[in-house]
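Subject: Structure handover

Hello,

Here is the structure I said I would pass on. My notes on what was found in it follow below.

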Amino acid sequence: MGQHFQQRNFSASDKASFNKRINQQAFELKDFLSDPVFNQGETSLGAEVELFLVDQQGLPACYSESFIKNIDNALIQEELNQYNLELNLSPVKAKGKPFSTMQKELVSLLDLVQSHAKNEQMDVVTTGILPTLEASHLSAEFLTDRPRYKALNNILGSMKGSAFEVTIAGQDNLKFTSNQITMEGANTSMQIHLRVPAERFANLYNAAQIATFFALALSGNSPIMLGKRLWQETRIALFKQSIDTRDQSSTQWHQPTRVPYGMGWIREGAWEIFAQSVALHPPLLPYLFDEEGKRFQEINLHHGTVYNWNRAILAANTDPHLRIEFRALPAGPTVIDMMANAAFIVGLTLGLEQEIDNLTAKLPFEYAEFNFYRAAKEGLSANILWPQQGKFNIQEQPVHRILQDMLSVAESGLVSIGIEQSEISKLMAIIQARLANRQTGAQWQLRKLEQYHNQTLSSSLQPVQMMLRDYIDNMRIGAPVATWN
């Protein structure tokens, strides 16, 4: 595939053939997913964690290619920008202590990367957006030298026909333009995978959509970009705008964003989401696979270029199954914080499943989407739209109050898939402390930055660099962010 992408452009014939194939596969997929095999298999979990490489001043360090070569570990891969890496965790069965198993592997991988970074006078940071990023770090020279990324950059730029525009209003205001997809690479996340049976997919996916805005309010860790104090989770606004090729000035119908919260509550199952990807979005990488015996590769490739915040994942060949990929949560601050975030969003998804019909009847999808963006912007200070206790009436309520009730729902969801109580108690205690102290990674960064702005610094470092230095120190210690001074 990579060799094919070297041309960076696809012919009209390539595009027509690819479009024909994904339309055909969209029709075939509906019957394919009715096979009983998609209701078999144990519940399992997986995760990917993205990170930044920084130099001794806390600025991005373009060293990922050397890391990949020197470490030679299949679980450590390059990302869109040269100062990012991705760590892929092995899938684990949900029963028992899956988060402890994932934590152990993630710590081991981070230790490996950190030891190599130290040898090169560099450091590693897990955060949603690196607060020391400057506009110059989003130029073409920072794009990772891979055919896929170059093809995406070329195709998205051609589709846009002009620079991508990012406008984000927060405590400060940011207006920025770029003709490179390196803006998207400014985001780093922890993506969680949950294997689910096809017959329960619709209910679980809808539950995941609701669980996401609660988890997002709890886990904000991206408050600063290009020196501006923006959203608690600036990633949400940045990613949506950084690859937006739509002509907003057009008076014709507006095509949906390629980074959607969703198009509505799912009614039948995973097929709907794949069908929407084909129906609503033109292909970006119209590459035709020739491998015999492998099915649905083209529609999977196409679906992978539509960046739903909760994505349906199809494994069609070896061990056929479906997964929900939770994509909205940021990387960091610490490994234990990320495990608590993962446990909360998975547990809440499972816990809400039994009540999802009532919830989707009470809560219009547009209100859920409003909650998603409100949680991203304001975090634990957000007010969201939610049914009153024991009633159908929707009321604007503080998210931190509703979260107290959601903790027990998340616990019951984790119990339902056989996770040990000691594991649940440990991780939910971290979430409870975050609620009690009202301190997420985003809130800590903003408070610490303000502290340094109010001091007379003897160091040559800027306040944002001083804050990042403290952040890295705390990250290394590994205590939950709710306990950071």
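A cavity here is a set of grid points where a 1.4 Å probe fits but cannot get out. Please keep in mind that this is a predicted model.

Cavities

A search of the whole structure finds five cavities of 30 Å³ or more. The volume of the largest cavity is about 70 Å³. Its lining consists of Met159, Ile243, Asp244, Thr245, Arg246, Gln255, Pro256, Thr257, Arg258, His281 and Pro282. Sorted by class, the residues that line the largest cavity are four nonpolar, four polar and three charged.

Second largest pocket

The second largest pocket holds about 440 Å³ of space. There are 18 residues in its lining, and those nearest the centre are Leu359, Trp386, Pro387, Gln389 and Met406. Which elements supply at least two residues each to this lining? They are helix 10 (335-352), helix 11 (356-362), strand 13 (383-387) and helix 13 (399-416). Helix 13 gives the largest share, with five residues. By class, the lining of the second largest pocket splits into seven nonpolar, seven polar and four charged residues.

Aromatic pairs

Over the whole structure, the search finds 20 aromatic pairs. One of the pairs is edge-to-face and joins Phe239 to Trp309, at 5.6 Å centre to centre with 80° between the planes. This pair links distant parts of the chain, 70 residues apart: Phe239 is in helix 7 (residues 234-242), and Trp309 is in the loop between helix 9 (297-303) and strand 11 (310-315).

Are the two partners buried or exposed? Residues under 20% relative accessible area count as buried. Phe239 has 6% relative accessibility, so Phe239 is buried. Trp309 has 2%, so Trp309 is buried as well.

Trp309 also forms an aromatic pair with Phe372; this one is tilted, with 6.1 Å between the centres and 45° between the planes. Because Trp309 lies in the loop between helix 9 and strand 11 while Phe372 lies in helix 12 (residues 365-378), the pair ties together parts that are 63 residues apart in sequence. Phe372 counts as buried because its relative accessibility is 0%.

These residues belong to a cluster linked by ring pairs, made up of Phe239, Tyr261, Trp265, Tyr307, Trp309, Phe365, Phe372 and Tyr373.

Charges over rings

Lysines lie over ring faces in the following places. Lys30 is over the face of Trp271, 4.6 Å from the ring centre. Lys362 is over the face of Phe392, 5.0 Å from the ring centre.

Lys228

A separate note concerns Lys228, which is found in strand 10 (residues 228-229). Its relative accessible area is 32%, so Lys228 is classed as partly exposed; that class covers values between the 20% limit for buried and the 50% limit for exposed. What does Lys228 contact, leaving aside neighbours within four places in sequence? Its contacts are Asp172, Asn173, Leu174 and Pro223. Between the C-alpha atoms of Lys228 and Thr349 the separation is 33 Å, and the two residues are 121 residues apart along the chain.

Regards

Terms used:
Residues numbered from 1 in each chain as written. Predicted model: local features only at pLDDT ≥ 70, side-chain atom pairs only at ≥ 80, totals over all residues. Heavy atoms only, no water. 1 Å grid on protein atoms, 1.4 Å probe; cavity = no way out; pocket = protein on both sides within 12 Å on 5 of 7 lines; lining within 4 Å. Points joined across faces, edges and corners; volume = space filled by probe spheres on them. Helix = DSSP H or I, 4+ residues; strand = E, 2+ residues; numbered from the N terminus. Nonpolar A, V, L, I, M, F, W, Y, C, P; charged D, E, K, R; others polar. Phe/Tyr/Trp six-rings, centres within 6.5 Å; stacked < 30°, edge-to-face > 60°. Buried < 20%, exposed > 50% of the residue type's maximum accessible area, 1.4 Å probe, protein only. Lys NZ or Arg CZ within 6 Å of the ring centre and 35° of its normal. Contact = heavy atoms within 4.5 Å.
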